[in-house]
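Student: Please show me the model. Then let us go through it by question and answer.

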Amino acid sequence: MPLFTFYPRRADGAAPAFETIECADDAAALIRARQVLADHRSAVEVVVWRGDGRIGAVARVADEA
């Protein structure tokens, strides 16, 4: 299985941590990114990479008042 790197980014753009996780494919990695985002409460988005290629990003939905 391919290895993906997940970067949880804060609102200021910093990504102080990362996780590497094997996923079946790009679609599975983007689904997994939602869990990574849930695990990192200070993150506003998670950017997903496979090797040197960016796969995509999953962002937190802003609460509407």
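Tutor: The chain holds one helix and four strands. Helices (H or I, at least four residues) and strands (E, at least two) are DSSP runs, numbered from the N terminus. This is a predicted model: local features need pLDDT of at least 70, side-chain atom pairs count only at pLDDT 80 or more, and totals for chains, interfaces and linings use all residues. Residues are numbered from 1 along each chain as its sequence is written, and side-chain values use heavy atoms, without hydrogens and water.

Student: How do strands β3 and β4 run?

Tutor: Two strands pair if DSSP finds at least two bridges between them. Six bridges join β3 (residues 45-50) to β4 (residues 53-59). V46 stands opposite V58 in β4. The two strands run antiparallel.

Student: Which residue in the turn of that hairpin has a positive phi?

Tutor: Two residues lie between β3 and β4. Phi is about 65 degrees at one turn residue, G51.

Student: What is the angle between the planes of Y7 and F18?

Tutor: A search of the whole structure finds one aromatic pair. Rings of Phe, Tyr and Trp (its six-membered ring) pair if their centres lie within 6.5 Å; planes under 30 degrees apart count as stacked, over 60 as edge-to-face and the rest as tilted. Y7 and F18 are 6.0 Å apart, centre to centre, and tilted, with planes at 40 degrees.

Student: Is F18 buried or exposed?

Tutor: Buried means under 20% relative accessible area, exposed over 50%, partly exposed in between (1.4 Å probe, protein chains only). F18 has 54% relative accessibility, so F18 counts as exposed.
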